[in-house]
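User: Hey, I'm new to this one. Can you walk me through it?
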Amino acid sequence: MWRAGRLLPLTLTARGEARLCSSNPPKPSSSSPQSNSSPRSQAEKQRRRREREEAILSSQHSPAEDEAVKWGEKQKIVYAAQTPPGTKKDTSLLFPSSYCPEYVESSWYQWWEKEGFFRPEQHERLSHGVDQTFALCIPPPNVTGTLHLGHALTVAVEDALVRWRRMQGYRVLWVPGCDHAGIATQTVVERRLLRDSGKRRQDFTREQFLREVWKWKNETGEEIYHQLRKLGASLDWSRACFTMDPGFSRAVTEAFVRLSDSGLIYRSEALVNWSCALESAISDIEVDSKELSGQTMLSVPGYEDKVEFGTMLTFAYPLEGHDGEVAVSTTRPETMLGDVAVAVHPDDPRYQAVHGKQCRHPFTNRLLPIITDSMVDMELGTGAVKVTPAHDHADFLLSQRHSLPRLTVIGGDGTMTPPCGQWLKGVKRFDARQLIVDALVEKRLFRGKKNHAMTLPVCSRSGDIIEPLLKKQWFVCCEEMAKKAIQAVEDGQLEILPHYYTKTWKNWLSNINDWCISRQLWWGHQIPAYQVDFPNSADKQEEQWVWGQSEDEARQRAAVKYGVKPEDITLTRDPDVLDTWFSSGLFPFAMLGWPEQTTDLQRFYPSSILETGSDLIFFWVARMVMLGTELTGQLPFKQVLLHSLVRDKHGRKMSKSLGNVIDPLDVTHGVSPERLQEKVKEGNLDPRERLVAMEAQKKDFPKGIPQCGTDALRFALCSHKMQGEDISLSISQVLSCRHFCNKMWQTLRFTLGVLGDNATPVGTLEETSALSSMDRWICSRLYSTVVECEQAFEAYELHAVTSALYSFWVHSLCDVYMEYMKPVLLQQEEGAVVHTEHSVRARQVATSILYHCVSTSLALLSPFMPFITEELWQRLLPFRPGAAAQTTLCLQPYPCSSQLAHWHFPEEERDFLLVQEVIRVARSLRAQCGMTKEKPAMWAVCSPSQAKVLLHFGSAVWTLSRISSLHISSQRADHSTPPPPGSLIGVVDHTCQLHLHIQSGMNIDKRMLQLSQRRDKLVPKLEKVLCRARSPDYLTKVPAHVRQQMDTKTSALQQELKTIEDQLKVLQQTQTTQ
């Protein structure tokens, strides 16, 4: 989407650094704005960036430092059935033996889209529909680009929320859109025309050029929509919105006219960020800061030779009528032709004698007053500052305070203007730089040059060096709108999540500048303002402007405003276009048909939520809030959910300018390392950036990227905590989610096998009651998982939802319940002849429970993994008790805890935690002595309460621990048999030990080594805990519940160490007797 920008420092230096000028300048009478980004923080960012680049390029950085991505080529299974686009996929075909994303994702999306499942109109057909609305728009990506993993995160998060609400029965609208991206699009098309036909934009009329842009857009603009569909985004495509569509353009014009009528848009002369290559003003966010440590030669568009930056030059201005001079320092000597004064600090002792005096300009012969101002930094340079109001933002403010003239000496095309004299007129600015230095040397006014660290403003679109220029532009007055935006948050009308962004919101909006919305482009919304001329009038007047929905309306307005006949007026439309951000700021209501009071606008505005990246809080979110409130009288949304940024493994933000973007389809489909390298080469990177990007890619993806599938990518993205630190996504994480998909696939194969052999139909959820302790446990685990999902979804903590679902499916359903129930569920296949009534009933109940656990889990997972869940749910559908509410899973009711209340057994869940730990320790003991098929006897020496639990879950302990029998030895147990001597001992906790009786075949030396290594690990742990407990303030500062946990941990460590020592003694005795 878009990148965060910076505001600028205003300390007046002796040209010690190149200062960025804001494209949101204040009114001429306003005070100086505040900086949101200091030079130090920018320098720190640049330093970190250089360190990352060096780490990438250095030989020390190796793939071993990153997570190893282990993968092999999987068998590709193709869905070969004849399924015309839009028809339902045939799931009656033979179930493939393994999961293949290509097979699973085939055909589903076209069916969903054709059936209208994503449109809010389908809400009327929902039996579980509720009278609530959930609406939002996707942050419109630039039409010039393609989506990367950062966009994929936005899609994954928003689609999860959208699908969840839709399944809950809400009337849901999620609108897709694309931004016309004025500068980016015009630049791309200009390059294309130059490459294909050798023509520049200026060789076309405006209308001809715009036809070329529309032609390009129609040829390439669908790529982003293709990616969104491939990612499974359940958008309402019938309402897709492009910011240059006729309806949207009418909204833009209406907004400009209304804001102008209310005095919130005005025309003024002020400094803007100017790109000479584009010949246009650009916004702050389109300015990159390039940190230079000293003299640096850089390539600049339009110059054959590299240009020197990172040096400070000092030259002298002779005092008028006095002997002496005032030396000034600058990094931009080409601007000295526009100097109108010299400024010094009033307290600087070096210049006390020259206060109020004048200097003579050596080239223009102008007299320059020496003024005093406390903004001057005495410590930088010579302490005396050349004042160039037309080319420096801080100097512009000085000119306001001291009533100084403003001389423009560099034109919009980057050449020197006529006031510079014939010797410089038409010379390019950086060529003029050297001519001026040579002339200063000739006049013996040059005083030296030295290296100087500086921040250089660079146009992110063209790579040109930004030139602050004085231009008459249109501005939006933001102060009052910003106050309303702050108040909305403080009053709780607008909620920003995470809440810590609330302070950032207030700080930025409290110091906001007016917003320059003029852009000197052809592609975009042409400003609906007209300059008024009176051909029959002899008076030469200042600029007169009117605005209107059309030229006819503007003419009528002008006639009324100036009291003349319409036919006596000549109107000339402003050729400039509006900043792309202006139209983007209207998106939440313009997409619904505003200014017309459409049905959509009345039903879906304000939106429920705005979800986007945290880097857009100012440049998009704040502007939507200000414009929406002003133009509609309502906030555009009720909540703002900001997610973290996706970074590469090296901590760099994904950006085309760094060459580190990854197409999400390359992750879902897989891509070769050669193709990845080709994509970097296709980008517009300078040689060093290309080298860094290609080297990083070789290290990150030495074998390319495996085919992971859409569901795995979405699940991996949502598994990260969005509302916290930035996300560093690795392919190995996505690959592990693909393994989870295969786990789901194999679970369904097993389940379908059980269901296919079950003569009795599956019972409904309401009539299915658990019989055994394990049935009650898994039922309760499902209930608790649903509760977790409900709570986490409501809090927008998607990582907690995915964690709960993964844990239930893998660790509870597969690893425990299915492993335990296999003998019961598969008893027919095992050839059991005699079936008691109880065993048959147990199998029927277990089958129903398995079905509902799987079916419910698929519904729970559907918002995150729409393709595989639909595929598997459709295959379960024939076994469903009763008719399905809908033909697709994405419209099924989302599971809720109230439906599963009869499955809640909290005691079973709590008690089974001990059972799981016993099973873990038992399996560990088996592994230590190399057991595979043997089933030894096991003794559990434990407390009476633990004994009760283990007896209750006895069959689970036998089955899952793979033991022949379980003996309980407890203090209160009657006739309990003590464990035999020489058993293998494992510690569960400080009151429970397991004794595994090994008949023979144990490697005593190996076992003794394992115990010694374990002891060596436990001793320092125990010492650390005891050390903390001995600290003087332990009893007073550490909470009681924490101390209790520490005591329990201490007892467990001491008990395990004692057990290890006892075992070592027994093994030593055994070794001796042998």
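**Aromatic pairs and a strand**

Analyst: The structure holds 38 aromatic pairs, where rings of Phe, Tyr and Trp (its six-membered ring) pair if their centres lie within 6.5 Å, with planes under 30 degrees apart counted as stacked, over 60 as edge-to-face and the rest as tilted. This is a predicted model, in which local features need pLDDT of at least 70, side-chain atom pairs count only at pLDDT 80 or more, and totals for chains, interfaces and linings use all residues. Residues are numbered from 1 along each chain as its sequence is written, and side-chain values use heavy atoms, leaving out hydrogens and water.

User: Why is the pair of Tyr109 and Phe118 called tilted?

Analyst: Their ring centres are 5.6 Å apart and the planes sit at 55°, so the pair is tilted.

User: And is Phe118 buried or exposed?

Analyst: Phe118 is buried, at a relative accessible area of 2%; buried means under 20% relative accessible area, exposed over 50% and partly exposed in between (1.4 Å probe, protein chains only).

User: OK, new topic. How many residues of strand 27 are buried?

Analyst: In strand 27 (residues 637-643), 6 of the 7 residues are buried. Strands (E, at least two residues) and helices (H or I, at least four) are DSSP runs numbered from the N terminus.

User: Which strand runs parallel to strand 27 with 6 bridges?

Analyst: That's strand 26 (residues 607-613); two strands pair if DSSP finds at least two bridges between them. Ser607 stands opposite Phe637 of strand 27.
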